[in-house]
Amino acid sequence: MKHFGYVKTTSLTEAAAILSEYGDKARPVAGGTDIYGGLKAAIHPQYPQAVVDLKTIDGLAYIEERNQNLVLGGMTLICDIEKSQVIKAKFPLLADAARSVASPQIRNSGTVAGNICQEPRCWYYRHPDNTFNCIRKGGNYCNALHGDNRYHSIFGSMRVEKTACSSACPAGTEIPAYMEMIRMGKLDEAAAILLAKNPMPAVTGRVCPHFCEDNCSRSRVDETVSVRGVERFLGDYILENHTRTMAGPIESTGKAVAVVGSGPSGLSAAYYLRCAGHKVVVFDKMDKPGGMLRYAIPDFRLPEKIMDQLTSAFVDMGIEFKQQTEIGKDLPIEELKNKFDALYLAGGTWAAPSIGIKGEDHTVSGLDFLVMPDSEKSQMLGNHTIVIGGGNVAVDAAVSAKRLGADTVTMICLEKREEMPAHHQEIEQAIQEGITLLTSWGPSSVGVEGSRVTRIDLVACTSVFDQEKRFAPIFNTDKQKNLKADMVIIAVGQQPDAAFLDTSIKTDNGFIISDPDTRQTSVKGIYAGGDGADGPATVVSAVAAGQKAARSIHQYLGCADKNAGNEKKLMNPFNPSCLDNSFGEKGILKPVENREMALEDLGGLSLEQVSREAARCMNCGCVAVSPSDLAPVLVALDAVMITTQRTIPAEAFFTAGVMTSTILENNELVSSVVIPFQDNIKTAYMKFRIRNAIDFPIAGVAVVLKIVDGRIEKARIVLGAAAPVPMRVRKAEMMLEGNSVKNVKAAEAASLAVEGVVLLAHNGYKQKIIKAMVKRTILSSIL
C-alpha cells in the first residue's frame with residue numbers, strides 16, 4: 001500500500017473532529033475488513049492522507065437491552081451478534097444474517113457499523129488502480145449498464161450526483177428526471193421539472209448549443225439523446241398549455257421587484273420571482289419584450305411567434321411589462337430604488353465596440369443589421385457582402401444577407417475553424433448555403449471610394465489567444481490580401497450601456513460587477529446578471545443567472561425557500577430499450593433551396609419521436625447493489641442508526657453516493673444501532689450466494705411479520721442485493737397484511753415482490769431467484 005497517516009482516537013467526538021480537519025482526505029476505520037483491501041488495490045481516485053482508527057475507542061462494542069430496545073454498539077463484532085443469545089431469542093433473523101456474512105475470520109473482525117457502511121462490491125468499482133472511474137467514484141458513467149452486470153440491480157439505477165448532462169447545463173436542468181416522466185406519459189410532470197430550472201424551453205430548445213448533448217453518456221453506445229429536440233417539444237407543449245403549466249402564484253408576499261431588461265436573464269428572474277409570489281414589473285426600452293431573443297435572432301432560428309406566446313404566458317402569470325421605457329432616460333434608476341423592494345439589472349449588450357480600422361465608419365454592426373426589418377436589409381445589400389466575426393451573430397448576419405439576395409457572402413474571422421465561438425451546426429449550415437468561410441484572417445482597413453465601400457483589406461492572424469487563453473491576437477504583416485466588397489458587417493463583440501447607473505453600482509469596463517453565485521452588486525438590494533454583467537454568453541447561461549438572482553432576492557426579502565431541503569434521491573427506473581443500440585431522432589432540416597427568412601429551418605419532433613428519445617435516455621445512475629447482509633434485516637426491523645450528529649431511520653440511511661453507500665457526512669460516525677422490541681413477530685432471513693462462505697449476496701430477503709390472533713397485522717419484506725439500496729416491497733407487504741397465517745399467500749406476495757423489475761443484459765436470472773426466495777422466506781418465518 002501507499003503511505004498514509006494512521007490516527008488513533010479515544011472518542012467519537014475526537015474522531016469526528018479529526019475527520020472534519022482532513023475533509024475528504026481521511027477515512028474512518030471500523031473493523032478494517034473493507035477499507036484496507038480497497039487501499040491495497042488502490043481502487044479510489046485519490047489515496048487518503050490518513051485513516052482514523054475507531055477500534056481504539058473504548059465502550060463502543062456492546063449488545064444491551066434498554067427501554068424496550070435492543071441497542072448494538074457501532075463497534076460490536078459481527079461474530080458477537082451471531083452468537084448472542086438475546087438476539088437469537090428476540091431477532092433470530094439478525095443472528096442468521098450475521099452468520100451468513102463472509103467467513104469466520106471476517107466476522108471476527110468486521111463490525112456492525114462497518115458492515116452497513118461498506119462500499120459497493122461492483123467489480124468496476126473495485127477494479128485495481130481505479131481502472132474504471134465510474135459514477136460512484138465521481139465519474140459520469142456506470143460501466144455495468146452495458147458491461148458485465150450479472151450481479152447488479154434488477155430494479156433500475158439510483159442517482160448518485162448530478163448526471164453528466166445536467167452538470168454540463170449552466171441552468172442545471174434535471175434532464176433524466178423529465179425524460180423519465182415522458183416515458184411514463186406524464187407530460188405535465190415533465191414540464192414542471194423542466195420549468196423548475198428553465199422558464200423558456202421553447203426558446204432554448206431552438207437556440208441553445210446544448211452542452212448536455214456533448215456530455216451525454218449515450219454517445220458511448222451509439223448516438224447522444226436528442227435533448228434539444230425533446231426540450232423544444234416540451235417547451236412548445238408548455239406554451240400551448242400555459243394556463244395550466246405556467247400558472248401564477250396562489251399567495252402574494254406583498255413585495256415588489258423591478259427587473260430592468262426583458263432578455264433571457266430578465267425574463268428568467270421575472271418568472272421565478274413571480275412564482276415565489278412577488279409583484280414583478282419588467283422595464284425595457286424596446287417595443288416588445290424579449291430583448292435580443294426577439295430582435296437579434298432571425299425567425300428562421302427563433303420565430304417571433306414563440307416570443308409572443310412566451311410574453312402572453314408571463315402576462316397571464318401576473319408579470320407586468322413596461323415597454324419603451326429606457327432607464328436613465330425615461331425613468332431614473334433612483335425612482336426604481338424608491339418604488340421597489342429590490343432591483344434586478346439585466347440589460348443587454350447592444351453597443352458595438354470599435355475595432356479601430358480605417359473605413360470602419362462605412363460599416364454596419366452585426367446587431368444593427370439583424371435588428372433592421374428585412375426590407376431595409378435588402379436595400380443595403382450589394383453584390384459582395386463581407387461579415388467580420390466568428391460568433392453566432394456573425395453567422396446569423398451572413399445567412400440573412402445571403403437569403404436576402406447578396407450574390408456572395410464571405411465570413412472572415414481571426415480564429416481557426418475549430419476555435420470559432422459560433423455553434424458548430426450553425427457554421428455547417430452557413431457553408432451549405434454557399435457562404436465562404438475565411439479563417440485566420442483579420443481586417444486591416446475598409447477600402448472606400450467616395451461614400452461607397454469597394455474592398456476589405458486583410459492581414460493573416462497566426463494566433464488569437466495567449467497561453468492563459470486571453471484574447472491577444474498576433475498578425476503576420478508579411479501576409480496580406482484584399483477582397484471585393486460593397487458592404488461590410490462587423491460582428492466582433494458587444495458592449496453594455498451602463499450610462500444609466502449611478503456611481504454606487506460598481507462596474508468593470510461598463511459591465512456591472514456582481515457576485516457570480518448570488519448576483520448581488522455593490523449596492524444592497526440591487527442584483528445584476530445576463531450579458532450586461534457577464535458579457536455576451538449563451539441564452540441558458542443568462543437564464544441560470546436570472547434564476548440565481550431570483551433566489552437571492554427572495555431570501556433578501558425575508559422569504560423562506562419552500563423547496564429547500566426537499567430534494568430526494570429516488571430509484572430511477574429506465575426503459576429496457578435504452579440498452580439496445582439505436583439512432584437518435586432528429587428534427588428535419590429543410591433543404592438549402594427551401595430555406596427562407598420567415599420560417600424555421602429545423603422541424604420539431606412528434607410526440608412519438610420524443611417518446612422514443614426519452615426511452616434512449618439511460619438515466620445514468622448506479623446499478624451496483626447494496627452488499628450488506630445486515631442492512632435489509634435492520635430495515636425490516638424498523639431499526640434506527642444513532643450517529644454523532646442525528647438519528648436516522650434504517651430505511652433512510654442507505655443511498656448511492658460518491659464513495660459511500662450511506663447518507664453520512666464525511667465527519668459523521670455511527671455510534672449505535674437501536675432495534676425496538678416487538679411483540680408477536682415472526683422473522684426469517686435467507687441469502688443466495690454461489691458458495692456457502694465468503695461470497696456477498698446475489699440476493700437476500702428479510703421478512704418480519706407481526707401476527708395477532710392468527711392474522712398478519714403488519715408485514716415487512718426487504719430485499720438485499722436486488723437494488724442499489726435495501727428495498728422494501730410494499731405491494732407484497734400490503735397483500736399479506738390482514739391475511740390469515742394458515743392461508744398465507746406467499747406465492748402471490750412473491751410475484752408482487754418482483755413486479756416492475758428492469759432487467760439488464762445478464763441478470764435476468766435474479767428475478768426468478770428473488771421470487772422463489774421471497775416465497776420461501778415468508779413460509780419459513782411462520783413455521
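1. In this predicted model, the sulfur of Cys208 lies 6.4 Å from the closest cysteine sulfur, which belongs to Cys212, and this is too far for a bond, because a disulfide needs two cysteine sulfur atoms within 2.5 Å. Cys208 is also a buried residue, with a relative accessible area of 7%.

2. Cys275 is likewise in no disulfide, and the nearest cysteine sulfur, that of Cys559, is 14 Å away. With a relative accessibility of 35%, Cys275 counts as partly exposed.

3. If its neighbours within four places in sequence are left aside, Leu634 is in contact with Leu94, Ile116, Ala639, Met641, Ala650, Val673 and Ile675.

4. As for the chain as a whole, it contains 31 helices and 31 strands, and its C-alpha trace spans about 105 × 55 × 55 Å along the principal axes. Of its 783 residues, 55% count as buried, and among contacts between residues at least 6 apart in sequence, 69% join residues at least 24 apart.

5. The accessible surface of the chain comes to about 33600 Å², and 49% of that belongs to carbon and sulfur atoms. The chain carries 85 positive and 88 negative charges, whose mean positions are 8 Å apart.

Terms used. Residues are numbered from 1 along each chain as its sequence is written. This is a predicted model: local features need pLDDT of at least 70, side-chain atom pairs count only at pLDDT 80 or more; totals for chains, interfaces and linings use all residues. Side-chain values use heavy atoms; hydrogens and water are left out. Buried means under 20% relative accessible area, exposed over 50%, partly exposed in between (1.4 Å probe, protein chains only). Contact means heavy atoms within 4.5 Å. Helices (H or I, at least four residues) and strands (E, at least two) are DSSP runs, numbered from the N terminus. Accessible areas come from the Shrake-Rupley method with a 1.4 Å probe; for residues, only the protein chains shown count as cover. Lys and Arg count as positive and Asp and Glu as negative; His and the chain ends are not counted. The place of a charge is taken as NZ of Lys, CZ of Arg, CG of Asp or CD of Glu.
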